[in-house]
Amino acid sequence: MAEYEASILFQNISFQQGENLILDNISGSIHRGKITALVGPSGAGKSTLLKLCNGLKSPTKGDIFIDNQSITNIEPTSLRRQVGMVLQNAPIIRGSVYDNLALPLKLQKMSLSKEDAISMLNTVGLDGGLLNRDASNLSGGQKQKLSIARTLVNRSKILLLDEITSALDPVSKHEIEQLIIKIHKKYEVTIAWITHNIQQAIELGDFIWVMMNGKLEEHGDKTLLSCTKNTKVQRFIEGEIRV
């Protein structure tokens, strides 16, 4: 495999919650400017791994480097500006679409102009006329687009996406996939994308991580899913191990 710069580097990462070892000695890198899809059964530790990357959780052992800097040396607010995260349920605060978009800057005691807000809506395929609408009245697909737009307000260099299309209808799912491709090209961001959809991982990912039982079972470019010799990974791809 060609050499790529690491946007996120994991060094011997473990995470334990009580008696449960959620992540077990994971080492590897998420390549800068690429889309890495994380697949694996439920409970494999995928979401926990991403939460470690923007400080929502802290590793029990090991270290994580963001652009060659240990996250232990990055102030949490700064870390979350650099590393944005979009979740499956697209959490929306009470108020207007503008209130939601302005939140990241408001937390930094800064303001978002209406012009920039409309531009951000247009970037994610939402009409600027929605700016003053009650955000709770948006459709599921619109809420997910708003959640993505809100993450982009910080101009994050890294985007962490956790099952962001799994609750959407096929049309909305396709729109979000095309939006992520557009954002990836426009902003040249690094993306780590958890998905339970193997086909989605192959179509959109440059690289694949297969996680099982808290371990990084296999990783490489997207061709690994069609040529793996790892028996456990083969069983997962063939549906013998439940997602």
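Visitor: Is Lys173 buried, exposed or partly exposed?
Guide: The model is predicted, so local features need pLDDT of at least 70 and side-chain atom pairs count only at pLDDT 80 or more, while totals for chains, interfaces and linings use all residues. Residues are numbered from 1 along each chain as its sequence is written, and side-chain values use heavy atoms, with hydrogens and water left out. Buried means under 20% relative accessible area, exposed over 50%, and partly exposed in between, with a 1.4 Å probe and protein chains only. Lys173 has a relative accessible area of 23%, so this residue is partly exposed.

Visitor: Which residue meets the side chain of Lys173 in a salt bridge?
Guide: A salt bridge is a side-chain nitrogen of Lys or Arg within 4 Å of a carboxyl oxygen of Asp or Glu. Helices (H or I, at least four residues) and strands (E, at least two) are DSSP runs, numbered from the N terminus. The N to O distance is 2.9 Å, and the partner is Glu177.

Visitor: Is Glu177 buried or exposed?
Guide: The cut-off for buried is under 20% relative accessible area. Glu177 has 6% relative accessibility and therefore counts as buried.

Visitor: How many residues apart in sequence are the parts tied together by Arg32 and Asp67?
Guide: Arg32 and Asp67 form a salt bridge, with the closest N and O atoms 2.6 Å apart. Arg32 lies in the loop between strand E2 (20–31) and strand E3 (35–39), and Asp67 in the loop between strand E4 (61–66) and strand E5 (69–70), so the parts that the pair ties together are 35 residues apart.

Visitor: Where does Lys232, the salt-bridge partner of Glu217, lie?
Guide: The closest N and O atoms of Glu217 and Lys232 are 3.6 Å apart. The pair links distant parts of the chain, 15 residues apart: Glu217 is in strand E10 (residues 215–221), and Lys232 is in helix H9 (residues 231–237).

Visitor: Which residues do salt bridges with shared partners join into one network?
Guide: The whole structure holds seven salt bridges. Those that share partners make one network of Glu5, Arg32, Asp67 and Lys157.

Visitor: Which are the edge strands of the open sheet of four strands?
Guide: Two strands pair if DSSP finds at least two bridges between them. The sheet has the order E2-E1-E4-E5, with antiparallel pairing. Each edge strand pairs on one side only, and these strands are E2 and E5.

Visitor: What is the phi of Gly18, in the turn between E1 and E2?
Guide: Eight bridges join the antiparallel strands E1 and E2, with Ala6 opposite His31 in E2. The two strands form a hairpin with two residues between them, and Gly18 has a positive phi of about 65°.
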